[in-house]
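Biologist: Please pick one part of this model and take me through it closely, with the cut-offs you rely on.

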Amino acid sequence: MAAPEPEPGGQQVAGLGPGGESPPVSPPAAATGDGPPAWSPASAQAASLLEEAAELLVLQRDFASALERCEAGCGSLGPAPGSDSCAEVKCSLCVVGIQALAEMNRWREVLSWVLQYYHLPEQLPPKILELCILLYSKVREPQVMLEVGSAWLRDQTNKSLPEYVSLLELYLLHVLLPLGRFEGAEELVYSCDVLDSEQKLAFVETICEKRCQWTQQEEMHSTHDKQEDKATETVLGALSQKLLTMLTLLRRTLRSMSSHFYLLPYKKMLLATFLLYLVVVRLDPASPTSLPFICKLVQLFRQAWAAVLSPIHRPPIQD
């Protein structure tokens with residue numbers, strides 16, 4: 001089953017030209033004189049605004065102005081245009097408005113912008129619903145169209161439209177299946193009285209195929225996550241082991257240093273402190289009489305330093 005695909009690049013949606021450009025939107029036949037001239041002044045004004053909006057969008061690339069023309073045109077037609085030609089003009093205005101919003105990277109506003117002119121999802125024209133499904137599928141937010149598409153497909157009036165089957169297929173492929181709603185997709189297919197047995201069988205086969213692909217992807221992601229968790233645990237275990245080893249060595253070093261303090265020659269240290277006091281406080285260090293005391297002080301400090309850092313008293317290193 002082939003479903004319409006979104007055009008590549010930018011915010012392009014199906015039904016719009018390549019490179020982000022929209023095809024010129026022509027007014028209905030009645031607006032050009034090919035049909036019966038039974039238009040009201042409001043309808044004629046909306047058709048004129050449609051031409052201006054299409055020119056601003058395609059030729060001048062002035063998306064903001066094009067959107068303003070579309071809003072003015074839809075506002076002039078009212079919530080429920082009476083004739084088919086007025087409904088066609090309103091639909092064309094919304095198509096141009098959707099493209100203008102997408103070009104301005106305001107695609108999140110598309111659905112709410114459209115619904116302010118059609119009010120209910122069931123009243124959306126098939127072309128508008130198709131564009132919205134493709135747009136939100138392209139930006140990877142199909143959940144936005146979940147309730148809207150379901151309401152439109154459940155409506156009995158819409159089931160008589162020739163575009164119903166293609167839109168049901170589009171809704172399945174771009175909304176339900178990407179979200180993993182396989183049971184809902186099967187229920188929708190089995191409960192649809194518009195589809196014949198062959199169509200239902202083809203849809204069910206597609207659903208089963210997508211379900212298998214989804215399961216395989218879930219298994220791959222689960223395996224990948226387990227491998228990442230195992231690698232993380234290995235790294236953390238190695239770091240913990242190194243940290244434990246470092247703490248053990250630090251404890252041994254501190255214990256050895258504490259034992260060294262007990263081995264210090266305290267008598268010599270006290271004598272060195274007393275000599276230092278005499279040299280600095282009581283005597284003049286620059287005086288020749290202080291020289292013997294300074295030499296004795298230096299000798300005592302060297303002996304104390306050698307006693308502390310001698311190889312015999314260094315902490316043992318064990319593997």
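Modeller: Happy to! A salt bridge here is a side-chain nitrogen of Lys or Arg within 4 Å of a carboxyl oxygen of Asp or Glu, and the whole structure holds six of them. This is a predicted model, with pLDDT of at least 70 needed for local features and 80 or more for side-chain atom pairs, while totals for chains, interfaces and linings use all residues. Residues are numbered from 1 along each chain as its sequence is written, and side-chain values use heavy atoms, without hydrogens or water.

Helices are DSSP runs (H or I, at least four residues), numbered from the N terminus.

Now for the close look: helix 8 (residues 164-176) packs with helix 9 (residues 182-191) at about 175°, their axes 11 Å apart. The axes are lines fitted to C-alpha atoms over the stretch in contact, and angles run from 0 to 180 degrees between N-to-C directions. The two helices are therefore roughly antiparallel, a label for angles over 145 degrees. Helix 8 contributes Leu168, Tyr171, Leu172 and Leu176 to the contact, and helix 9 contributes Gly184, Ala185, Leu188 and Val189; contact means heavy atoms within 4.5 Å. By class, the contact has seven nonpolar residues, one polar and no charged, with Gly counted as polar and Ala, Val, Leu and Tyr among the nonpolar ones.

Conventions
Angles under 35 degrees count as roughly parallel, over 145 as roughly antiparallel, 65 to 115 as roughly perpendicular and the rest as oblique.
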